[in-house]
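Hi everyone, thanks for making time this morning.

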Amino acid sequence: QVKLVESGGGLVQAGGSLRLSCTVSGSIFSLYAMDWHRQAPGKQRELVAAITSLGHTNYADSVKGRFTISRDNPKRTVYLQMDSLKPEDTAVYYCRMTTSNVYWGQGTQVTVSS
C-alpha cells in the first residue's frame, strides 16, 4: 500500500521560512516524479512545484525564486523549502506521486501571518 506522509507545516510570520517534507512508503520512490500542491480556503487546488525522477524542477510563477523543491531518494522523501513567505501562501499543502495511479498525502497546514 502506497502512503505519503507530509510534515513541517505551521504558523510563521511573513518573510519567514518553512520546510515541508513528504515521505513515501510502499512504492519505488526514485522512479517517479513528485509534486507539491496547495489549496487555500475557497480556492481550487493548484500545483506549486514539481520534480522529475532525474531532478528537473518546475515552479508556479507565484513561488518562483522563493520556493525550492528537492528530493532525497535514499530517504524516499521530497522537500519543499519555502522562503520569503507571504500571507497569500497560506494553504493546506499536499504532496503527490504519480505512477500508474495517483497518490496524495493527507496535507499539512501552512499559515503565514502578516
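Here is a question to start: which side chain of opposite charge is nearest to Glu6, and how far away is it? Keep in mind as we look that this is a predicted model.

The answer is Arg45, at 7.5 Å. Glu6 is buried, yet it has no salt bridge, because a salt bridge would need a side-chain nitrogen within 4 Å of a carboxyl oxygen.

So what does the Glu6 side chain reach instead? You'll find Glu6 in strand β1, residues 3-7. Its side chain comes to 2.8 Å from the backbone nitrogen of Cys95. A polar atom of that Glu6 side chain also lies 2.9 Å from the backbone nitrogen of Gln106. Looking beyond neighbours within four places in sequence, Glu6 has contacts that include Cys22, Trp36, Tyr94 and Gly107.

Now let's turn to Arg45. Its charged end sits over the ring of Tyr94, 3.7 Å from the centre. The charged end of Arg45 also sits over the ring of Trp104, 4.6 Å from that centre.

And how are those two rings arranged? The structure holds one aromatic pair, and Tyr94 with Trp104 is that pair: edge-to-face, 6.3 Å centre to centre, with 90° between the planes. The partners are ten residues apart, Tyr94 in strand β9 (residues 91-98) and Trp104 in strand β10 (residues 102-104).

Are they buried or exposed? Tyr94 counts as buried because its relative accessible area is 13%, while Trp104, at 34%, is partly exposed.

Conventions:
Residues are numbered from 1 along each chain as its sequence is written. This is a predicted model: local features need pLDDT of at least 70, side-chain atom pairs count only at pLDDT 80 or more; totals for chains, interfaces and linings use all residues. Side-chain values use heavy atoms; hydrogens and water are left out. Rings of Phe, Tyr and Trp (its six-membered ring) pair if their centres lie within 6.5 Å; planes under 30 degrees apart count as stacked, over 60 as edge-to-face and the rest as tilted. Helices (H or I, at least four residues) and strands (E, at least two) are DSSP runs, numbered from the N terminus. Buried means under 20% relative accessible area, exposed over 50%, partly exposed in between (1.4 Å probe, protein chains only). A charge sits over a ring if NZ of Lys or CZ of Arg is within 6 Å of the ring centre and within 35 degrees of the ring normal. Lys and Arg count as positive and Asp and Glu as negative; His and the chain ends are not counted. A polar contact is a pair of N or O atoms within 3.5 Å; within protein, one must be able to donate a hydrogen and the other to accept it, and residues adjacent in sequence count only if both atoms are side-chain atoms. Contact means heavy atoms within 4.5 Å.
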